[in-house]
Amino acid sequence: MDKNTVVGIVLIIAILIGFSYLNKPSQEELDALKRRQDSIAQIEIQQQQEAQIHAKQMAEKQQASFVADTTAETMNAAVDRFGLFAAGANGEEKFITLENNLMKVRISTKGGRIYSVELKGYQTYDSLPLILFDGPETQFGLNFFSQNRSIKTDELFFIPSSSQNDLLASGPEVKKGKEGNVNFNEENPGNSQSITMTLDAGNGRSLKYVYSLAYNSYMVGFDIKTVGLSDVIAANVDYLNFNWAYAGPRLERKSEFGEDRYTSINYKYFGDEVDKLDPAKTSEESLKTKVKWVSFKQLFFNATIIADDAFPTADIKYTYDEENISKVGDFYADIAIPYNPAQDQDFGMQFYFGPNHYNTLKQYDIDLDRLVNLGYSVLRYVNRWLVIPVFNFLKNYIGNFGIIILLLTIFIKMILFPFTYKSYISQAKMRALKPEVDELSEKFGKDKPMEKQQATMALYKKAGVNPMGGCLPMLLQMPILFAMFFFFPTSIELRQEQFLWANDLSSFDSIFNLPFSIPFYGDHVSLFCLLMTVTTIISTKLNSQATSNNAMPGMQTMMYIMPVMFLFILNNYPAGLSYYYFLANLITIGQMYLFRVLIDEDKIRAKLHANKKKGPVKKSKFQQRLEQMAKERGVQMPK
């Protein structure tokens, strides 16, 4: 080590010693620091004593038996675990029920949470009361830090209070049941009623859940309020975590294309579109932008949490349980609740607990109606503006849904009748020209396809026949055909409605249960599906006879294979859908026979020959392009 290095090290050490000496706190500063630390320690001891006193006072207030069983050791343990919320650590779980004419909401004092929801007027597939969720495994509560402690409100006991006195003053009669029920007098439903669940933190500080329920409503109001908790909840957070999770019970009969296929978590971004997790599989998503609502959706029912404004973020997960016969899967949501430690909070929300009924969901104007899968793009518009209004109109006057589907089918076929008629006329014209087309085929043979095509188009043009005239009307019918494919499986109106041998038009009908399961077919025989298949084959044969001169042999074979494929596909689909297709086929067959009687094909043939004798007609753009291509290839066009 050379001399310069030694000098440098000595200077660095001297600078450090000098800096430490110059920045050494004075005796006055040391005394002030000691007083501050003593003050903080005194405050912590005071808060500890305050929590113990408050816990004891609350225990005495809640029940005498708890005081007898509670020892100083258990109180201290509660204070160590929950701090100022220790008063809620012990108690007896009780239930308060908010009830109107549509549902029964059961609220537990443990966690102040919604424990279960029962929908009146509905039953499960096995005739049990329809309960959306129920049980101690349901998660429902806030998670936050207080005094370096992790607080989960679903572990603590809340104190209930209702708005009974206010309601009595406003008119309706409120009855208290053995369980603490708050009910409506249906003769005088009056205003909404509310229950406040309070988690006390002492000295006027509290966390409150406020629930409200109006008559004839599936919406439950839910407000989270904080009072004086600015020095209790950690001040370095912008939001609190609200966890909501439960196991979705199986409400419908299990089938391959049933409830499992439509169960998932749907959500709506604030001011944006509705999206969802993949159904029938385990999936999760972290929503990093504002969310308006999160919905735990099953085939015909849903439970949805809705923000008055928006949730900042949310993490959601759906766990699919294919083998479980009692549930379809597990729903989970971790939702951010805005929090400002500088002031008391009042964050407003609502829960929707009810059916996936289009008109019911549509009235809220927050895109909840998107939970009803009516198809994509134009199919959804067909269902929304045509099928649903007609269906609801018929339902107002007719109680038998089999008759309603029959009348709906007749109405739709009447709308499509002009297209069907035009298609048949076009096919008749093509049949009338079949001899001439066959002559052209013999003339040009297989070696000159371009010349044959041009000559055929020229023949059609002279006769005034549009070769696409039979296809376009059929294409215009396709949106309605496919719209029905979405409407019937998701229509709650058909749920548990009987017709003939079908016990439930929203599920498959079965006239015979197989002792084994056939791949892609199932373990039962659906009679409506069989009838639909037979009538589809008959309709296909009649249609192929009408178009035999133009249809390719391979295409004809495919036309007969399709009904057999649908036999396997639709065997597990709702009986209402197969019944509709069966009726539509019957009407189509009837129309074909009617057209054969009423339409004189000899007159059509005579008219076409008359058109051919007329002067030259203006060539279409398609004909002009064909001629141009022929000239480029050096082919002589037929005159």
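These legends accompany close-up views of a predicted model.

Local features are reported where pLDDT is at least 70 and side-chain atom pairs at pLDDT 80 or more, while totals for chains, interfaces and linings use all residues. Residues are numbered from 1 along each chain as its sequence is written, and side-chain values use heavy atoms, with hydrogens and water left out.

**View 1. The second largest pocket has a volume of about 530 Å³.** Of its 22 lining residues, Lys-276, Arg-370, Asn-373, Leu-374 and Tyr-376 are the closest to the centre. Two or more lining residues come from each of helix H6 (259-262), strand S13 (264-269), strand S14 (274-276) and helix H12 (471-490). Helices (H or I, at least four residues) and strands (E, at least two) are DSSP runs, numbered from the N terminus. By type, the lining has ten nonpolar, five polar and seven charged residues; Ala, Val, Leu, Ile, Met, Phe, Trp, Tyr, Cys and Pro count as nonpolar, Asp, Glu, Lys and Arg as charged, and the others, Gly among them, as polar. A pocket here is an open set of points on a 1 Å grid over the protein atoms alone, with protein on both sides within 12 Å along at least five of seven lines, and a lining residue has an atom within 4 Å of a point. Points are joined across faces, edges and corners, and the volume is the space filled by probe spheres set on them.

**View 2. The largest cavity has a volume of about 110 Å³.** A cavity is a set of grid points where a 1.4 Å probe fits but cannot get out, and the whole structure has five of 30 Å³ or more. Tyr-358, Ile-388, Phe-487, Ser-491 and Glu-493 lie nearest the centre of the largest cavity, among 14 lining residues. Helix H7 (358-362), helix H8 (378-395) and H12 each give two or more residues to this lining, with the largest share, three residues, coming from H8. The lining holds seven nonpolar residues, six polar and one charged.

**View 3. Arg-380 and Asp-369 meet in a salt bridge, 3.4 Å from N to O.** Arg-380 sits in helix H8 and Asp-369 in the loop between H7 and H8, eleven residues apart. Both ends are buried: Arg-380 has a relative accessible area of 8% and Asp-369 one of 4%. Buried means under 20%, exposed over 50%, and partly exposed in between (1.4 Å probe, protein chains only). A salt bridge places a side-chain nitrogen of Lys or Arg within 4 Å of a carboxyl oxygen of Asp or Glu, and the structure holds ten of them.

**View 4. Lys-327 pairs with Asp-330 in a salt bridge of 3.0 Å, N to O.** Here Lys-327 is buried at 18%, whereas Asp-330 is partly exposed at 26%.

**View 5. Lys-281 and Asp-278 form a salt bridge, their closest N and O atoms 3.9 Å apart.** Lys-281 is partly exposed at 41%, and Asp-278 is also partly exposed, at 42%.

**View 6. Met-558, Ile-561, Met-562, Met-565, Phe-566 and Ile-569 make a nonpolar surface patch of about 470 Å².** Patch residues have over 30% relative accessible area and no salt bridge; like charges are joined within 9 Å and nonpolar side chains (Val, Leu, Ile, Met, Phe, Trp, Tyr) within 5 Å. Areas come from the Shrake-Rupley method with a 1.4 Å probe; for residues, only the protein chains shown count as cover. Met-558 belongs to helix H14 (residues 553-570) and is partly exposed at 40%.
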